[in-house]
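Please open the structure in your viewer, with the sequence panel beside it, and keep a way of selecting residues by number at hand.

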Amino acid sequence: MEAAILVAFLFWCGAVSGQSGAGNFDVFVTQHPAVMTSGSDPARSQFGFSAAFHTTGSGDHFLLVGAPRDSYTTAAWRRPGVVEPGVLYRCTLAGSCQQLRVDSTDNIDTPSIREQKSFMRMGHSVASSGPSQLPLVCAPNFHLLWTCDQARERVVRSGGCFGHARLDLWDPTGKCVILPSDLTLSGIANNYQPCAPYQQPLADDQKTSLRNSRGTLFSLLETSGTLPYRFNLVGFALDAISDPSTPGNTLLAAGGPGYVFNEGQMYRATLNNESSAISDSKQFGSFANHLIDHFFAYDVTQGNLFGDNAPEIAVGMPRGQSIMDSTDPTNGDGSNRGEVRVFARSFGFSNQDQTTSIGSVILRIIGGQVAEHFGHVVHSEDTNADGFKELFVGAPMYTVPERIQDNYDHGRVAVFALKALSSTTFQQRLEISDAKGIFVGKTRARFGTAIISLGDLDYDGYTDIAISAPYEEGGVVYIYMGSRAGVGSGDSPVQRVAISTAAVRGMGFALSSRTDVDNNGFNDLAATALRSGHAVIIRSRPIINVTITITAPSVFDHTNRTCLANGQPRACFIFQVCGEYSLPQPTTLDATIPYTVDVTPRLSFASTDVTTQATGTLNLNAFRVGVCQSHEVFVEQALPDPCSPAYIRVISWNLVDVVSTNTVLTPILRRGPRLPVEHIVREICIECNPCLRHSGGGEERWNNFCLQSHGHTVPCFIFFSACLLRWSSDE
């Protein structure tokens, strides 16, 4: 029995998300940076020593820039006797900077308390844990003296901080100022001074306890008229992150590398962003084996390094291993290679008389080269989305061991993945050779001076990283894109960010990001240039994800010759190439997408039957609104292989890279492979007898062709299995 089948005229849309390749992926636009400076001599004032983006509760974005050797320009803010206290600036994307009146009070000189604010280096460090949170700015050289008439002994004691007994040798204890979120500074929110609740001087029994615990070191200092805990420098390093367990709180970590003759001390606390109150303030790092001149807490970072949902604290010691410990060579071998130590954040003491045992250290990471300053900067971030933060350690003084003149201070950054380690096992140890990856800079670049997280720039699910090399030419910042394998993998692009402004020198001394200052949905980058006294905001371009589709019939009939080609009737049909783009937030922008479409076999774009490729352009100019372009194709008259389907493929497309302007940043395609978009078209069958059987050459075989009323045979795929069934039943 013959079957008469009518196959409907079907449409099918083949789609795939297009992404740009990994080669050229310049996220940041360097042609139109916002360059800002301050004062008549910004380099001398060290404008740009520190920087941090801050967003107020009303959504205003500012760049906070420290100038620790600057003075107030407003006469009413200047105080007699206070010289170069340091200034914090509030800068905007427009390039203007305004001084903030952080601390413009007089020096204090009373019979019991003395404060000295000259050269206190306000603005040495600055941090903000997120939008609407309370930012902090630190002055590590702030001097505080508690005066005690008894025995003419002057001492500042609290949280492990002591002053000097000689007035001409006041010791800098340091302090951090907690600012209001809106930066109005109508009143300072609070101070974070772990060295100064102004407690009473040391009693005789306390001095005896210290003498017993510190041995000959205390006796030596006592004889010279000093006390051991000197030059603390609280706020030399500062890290502030949102508390993962208590929204609204900020976890603080502050370094005081000058503690006990540069032995170093680490301070951590919790800041309530509603009340500005400080709680759970503790310290650690006063090691019983006296790591003098190790600069413990030169830099600090907090992060979930071991996947235990509790942040750890990693502490840089750029002169670690400098002292030989004959009792424990693993603690110090005299190599001065630098070291990083990792502690549980819950660890610490509230009593400054306690010393930190080496057994309290979860992990020690040892540098690999003498004086490379391993631990100069430490940073934690999860760049491969595995739930564990990797630890980035900068060593900007590293030199590639090649005996070439003027070949030194390349700098390097080592990346350590710690997820295989345990947060409950102490005294674990890694060497530089255990690093997951190592990045090395150019000669005299001091690569690794600053390291920051950029957030997920291209919305691919991986956090991206910036590393600076401030002495490479006028300063360079390298952008490393995160991926499943982490940063620096073979398929991850690296952008070299440098600006052509000749006046800017040393860009990259300090970095900040994770803030979208121009509100285009993508985080921007701030970099300071300490050598010239500039701060630069470099904006990121919108990264769009383009989707290309083909809309076309799924079947055709080559006998339906309704088109004319050279005066002859030909079968043809029309298909469309369509495109749209997506952004993380509704934003209208222009995007021009040129593409190439290919058809083969049995189809062509001209009557000559040889033109199988065509080009087109999609002009996308609205958020998530598709745009299409139509193409007409002809069907070949000859049917050399009627069983073969025809293919329509968009084999390539791209984004026209228009030069960005100061106000409009043109988009770039999201990185990744661009797979061809394919659509299959088959010949239609109208009247079929799929069960014809014939034999030839002594061999009986099945003929899966159908016979149409006009006498042509064409493939009819849909009945093949049915024919086998029927043929079997006929037998």
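The tour below goes from one selection to the next and says what is found at each stop.

This is a predicted model, in which local features need pLDDT of at least 70 and side-chain atom pairs count only at pLDDT 80 or more, while totals for chains, interfaces and linings use all residues. Residues are numbered from 1 along each chain as its sequence is written, and side-chain values use heavy atoms, with hydrogens and water left out.

Begin with the strands β10, β11, β14 and β15, which in that order make up an open sheet of 4 strands with antiparallel pairing. Here strands (E, at least two residues) are DSSP runs numbered from the N terminus, and two of them pair if DSSP finds at least two bridges between them. The edges are taken by β10 (125-127) and β15 (190-192), each of which has a single partner strand, so one side of each is left without a neighbour in the sheet. From one strand to the next, the twist averages 25 degrees, an angle between axes that are lines fitted to C-alpha atoms, taken from 0 to 180 degrees between N-to-C directions.

Next, select residues 136-139 and 175-178, the strands β11 and β14, which run antiparallel and are joined by 4 bridges. Within this pair, V137 stands opposite V177 in β14.

The structure holds 4 disulfides, and another of them to select is C91 with C97, whose sulfur atoms are 2.1 Å apart. In this pair C91 counts as buried at 1% relative accessibility, whereas C97, at 25%, counts as partly exposed.

Then move to N304, in the loop between β20 (299-303) and β21 (312-317). Is N304 buried or exposed? With a relative accessible area of 17%, N304 is buried, and its contacts (heavy atoms within 4.5 Å), not counting residues up to four places away in sequence, include G387, F388 and K389.

Finish at P676, in the loop between β46 (668-669) and β47 (677-683), which is partly exposed with a relative accessible area of 48%.

Terms used
Buried < 20%, exposed > 50% of the residue type's maximum accessible area, 1.4 Å probe, protein only. Disulfide = S-S within 2.5 Å.
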